[in-house]
Amino acid sequence: MRKIMVFWGVFFCFLLYLQTTSMAQAPMMSEQLVYSLNVYNGKGYGGAFNPQTENTIYFIANKDSAISARTTLVYFWPITAKFMAGWQTLNEEVVGTLEILKEGKLIKSLKKQDNSLYYPEGYWGEISLLCIDEDAHTYYEKYKEATEEYYQKISEFYKARIEYRKKMDEFLEEIKKRREAGEEFTSEEIEKSIPKEPKPPEGPKFYTTEPRKDYVIDLPVGSYQIRIRAEDGTIIQDSQKNLVVFTSRRTGGTGYEIIPGNRWTMKESCDDPARIIYAAGKNTLYFNPFTQDEYNELYYNKLEDPQNPGRVERWRWVHITPIKDVTLLFLKGEEVLQRVKRLPYYVKQIPGPTLGYNITEYDKEKQPYERPTFEGYKLDLSSTLERTGYQINLEKKEGGFFKGGKREVRLVRKENSRLLYALSIFPLVIGVVIFLKRRRRLAP
Amino acid sequence: MKRAILYVIVVLIVVVALVATFNLRSGKYATLKGKIVDALSEDPVWKVNMVLDGKSTTRYLSKTYRFTGIKPGSYTFKATAPNYYSFSKEIKVKKGENILDVFMKGEKIPDLQGIIVFTESQEKGIQLEIRFADSKGEGITKFPRLSLNLEGKLYLKLGSEEDYTRGKELFSGSIELFWDSGAFLAKNKGIIPWEKIGEHLEIEKYGILDVLLRTPQGDFKDTVDDVKLYPEE
């Protein structure tokens with residue numbers, strides 16, 4: 001018996017040893033060669049970094065993506081369970097030539113190129129373009145010129161506003177004097193001679209990042225390896241990575257981003273035409289239709305952030321460009337119940353101790369200093385509507401429906417909710433009955 | 001009998017697992033790792049580049065390095081860093097893990113043109129902070145630890161703040177230097193203990209300290225004319 005216990009004791013100790021050796025030890029702060037990425041993601045460019053723990057980098061095929069190797073300090077951030085780069089402490093360029101290999105054969109040697117990101121609709125806009133070499137400098141210079149011009153206009157605006165306030169004071173003083181002298185004016189007369197308030201200038205609508213030097217990669221679909229060869233001809237340790245270049249499986253789908261009116265920050269999506277949109281009771285939904293492409297989930301997640309998880313056997317739709325020139329139809333069978341146009345909306349927090357917000361239509365004239373929070377197709381759903389039989393669809397400007405834009409809408413309502421309470425109490429009642437019965441049986 | 005078969009199976013599993021883990025760890029390639037530090041201070045060596053078997057790696061703030069995927073054999077390990085003497089060693093790399101600790105010897109302080117000395121009167125004595133200045137007059141931040149020799153003469157300050165003269169000599173001799181890794185500019189520091197200053201100290205008494213620093217790049221002088229001859233609170 002003792003021998004058996006000793007044997008199993010040793011066996012479990014061995015299992016424990018195996019388990020501890022297989023556990024990943026997260027370093028607190030380590031100096032690493034990492035890749036800094038600026039990758040094309042199907043709709044624009046996104047930044048990410050690839051720590052040493054990730055052996056593979058993912059790119060979309062036949063599009064320029066920028067990449068560069070840096071030495072930095074990497075630490076594990078338990079809140080997000082991801083490695084982070086301490087760029088401010090250490091950010092040193094790794095100098096050399098980037099070599100691309102396919103099946104062990106060198107196919108490309110790349111030198112660093114000047115590049116910058118150009119956002120034609122501004123930094124928060126939906127479009128971004130990678131400008132290379134001369135273009136990078138040209139677009140950056142354009143942005144710098146536009147910014148300088150804006151600062152000049154702002155300075156002039158402040159001067160004009162001081163002048164306006166001065167004139168306004170003089171005007172009011174004059175009106176007061178003339179009124180005291182017995183003169184009478186109509187409001188139209190006053191409006192005619194009142195000084196005009198200067199309008200603030202608008203800043204540059206586009207944005208360009210400062211040019212930087214990166215390796216610009218544009219490859220067809222396939223599996224590759226990359227590494228950096230230093231100026232002395234050596235291969236830089238830890239610069240070897242696998243490179244997976246992929247493309248979408250399907251393109252040209254229509255997906256919806258749905259903003260619920262009662263919790264606007266909790267956006268949802270309905271990308272699959274087979275999926276049903278459920279709306280609870282009286283509600284307002286804001287729809288944002290997009291064209292969408294379907295990518296491998298693992299590849300796309302890793303493209304967005306190499307530390308993201310994902311499954312290679314799954315696929316996901318990715319919203320590409322917003323569909324703007326259409327009318328959203330709310331239908332019951334063939335009957336059109338609502339025709340909705342795309343409008344800008346502004347979310348205004350309710351001031352004071354009351355929590356909440358109001359979503360109002362954005363008015364440029366009334367809100368010259370604000371920007372719309374979002375744009376969308378507003379659909380008000382009444383509580384009197386039936387539960388099923390509704391659809392939304394997108395009508396093109398020239399007539400006909402937008403391909404893949406149809407979705408079924410069902411309304412969920414609280415009905416016979418009391419019955420649910422009764423059902424939930426039922427096991428408790430049974431328990432009480434059994435308890436009482438047993439107690440009575442045990443009683444002397 | 002059944003029990004014996006069970007024991008044999010378990011023992012076999014253990015042996016196979018041990019062999020598998022050992023093989024996975026060692027593989028057919030070798031790993032070389034170790035410490036790479038300043039020989040005198042044991043601080044990290046800024047921008048140290050190491051070369052082995054057609055591979056290279058550069059370290060900035062780390063005290064360790066690691067080469068992986070090396071074919072076992074004989075190699076020349078080379079390490080170079082700005083302001084350090086190059087290090088080279090013939091090594092034999094065996095399958096599995098190999099360790100080589102490298103201690104880099106400092107060669108020079110880059111673009112050293114002068115020194116600026118600051119003093120702080122502490123509980124133990126007068127602490128000297130030596131900062132190196134370059135040709136632009138800026139402080140040098142990245143330099144190796146060299147063996148330096150510091151000498152000083154401390155006088156009692158007579159006269160006003162503007163118009164003063166050297167009074168009685170309070171201290172004369174060499175000052176022991178120590179290294180402060182955490183400092184940004186003044187990594188070389190020295191201390192003159194109060195017991196070596198042959199004078200009863202009074203509050204509001206000041207001294208003049210003439211400093212001479214002997215370096216492999218030449219001798220550098222500086223004077224501090226507001227040395228507090230009493231510990232600051």
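Modeller: Some terms come before the strands: two strands pair if DSSP finds at least two bridges between them. Helices (H or I, at least four residues) and strands (E, at least two) are DSSP runs, numbered from the N terminus. This is a predicted model, in which local features need pLDDT of at least 70, side-chain atom pairs count only at pLDDT 80 or more, and totals for chains, interfaces and linings use all residues. Residues are numbered from 1 along each chain as its sequence is written, while chains are lettered from A and ligands numbered from 1 in the order in which they are written.

Biologist: Which residue is the bridge partner of Val117(B) in E10(B)?

Modeller: E9(B) pairs with strand E10 (residues 125–133) of chain B in the antiparallel sense, over 8 bridges. Within E10(B), the bridge partner of Val117(B) is Ile130(B).

Biologist: Which are the edge strands of the open sheet of 7 strands in chain B?

Modeller: The sheet has antiparallel pairing and the order E9-E10-E13-E12-E11-E14-E15 (chain B). An edge strand pairs on one side only, and here these are strand E9 (114–121) and strand E15 (218–228) of chain B.

Biologist: By what angle are neighbouring strands of this sheet turned against each other on average?

Modeller: Axes are lines fitted to C-alpha atoms, for helices over the stretch in contact, and angles run from 0 to 180 degrees between N-to-C directions. With direction ignored, the average for neighbouring strands of this sheet is 30°.

Biologist: Which residue in the turn between E5(B) and E6(B) has a positive phi?

Modeller: Strand E5 (residues 73–80) and strand E6 (residues 87–93) of chain B run antiparallel and are joined by 7 bridges. Ser74(B) stands opposite Lys92(B) in E6(B). The two strands form a hairpin with 6 residues between them, and the turn residue with a positive phi, about 75°, is Asn83(B).

Biologist: How far apart do the C-alpha centres of the two domains of chain B lie?

Modeller: The bounds come from an automatic or database domain assignment, which divides chain B into domain 1 (27–104) and domain 2 (114–228). Two residues are in contact if their C-beta atoms, placed from the backbone, lie within 7 Å, and 7 residues of domain 1 of chain B touch 7 residues of domain 2 in this sense. The C-alpha centres of these domains of chain B are separated by 38 Å.

Biologist: Which element gives the most residues to the side of chain A that touches chain B?

Modeller: Between the chains, 15 residues of chain A are in contact with 15 residues of chain B. The elements of chain A that give two or more residues to this side are helix H1 (2–22), strand E4 (65–77), strand E5 (82–93) and strand E13 (235–236). With 4 residues, the element giving the most is H1(A).

Biologist: Which residue of E3(B) is the bridge partner of Ile235(A)?

Modeller: E13(A) and strand E3 (residues 55–59) of chain B run parallel, joined by 2 bridges. The bridge partner of Ile235(A) in E3(B) is Lys55(B).

Biologist: Which element of chain B has the lowest mean pLDDT?

Modeller: pLDDT is the predictor's confidence in each residue, from 0 to 100. Chain B has a mean of 90, and 92% of its residues reach 70 or more. Among the elements of chain B, strand E8 (residues 102–104) has the highest mean pLDDT (98), and the lowest (66) belongs to helix H1 (residues 2–26) of chain B.
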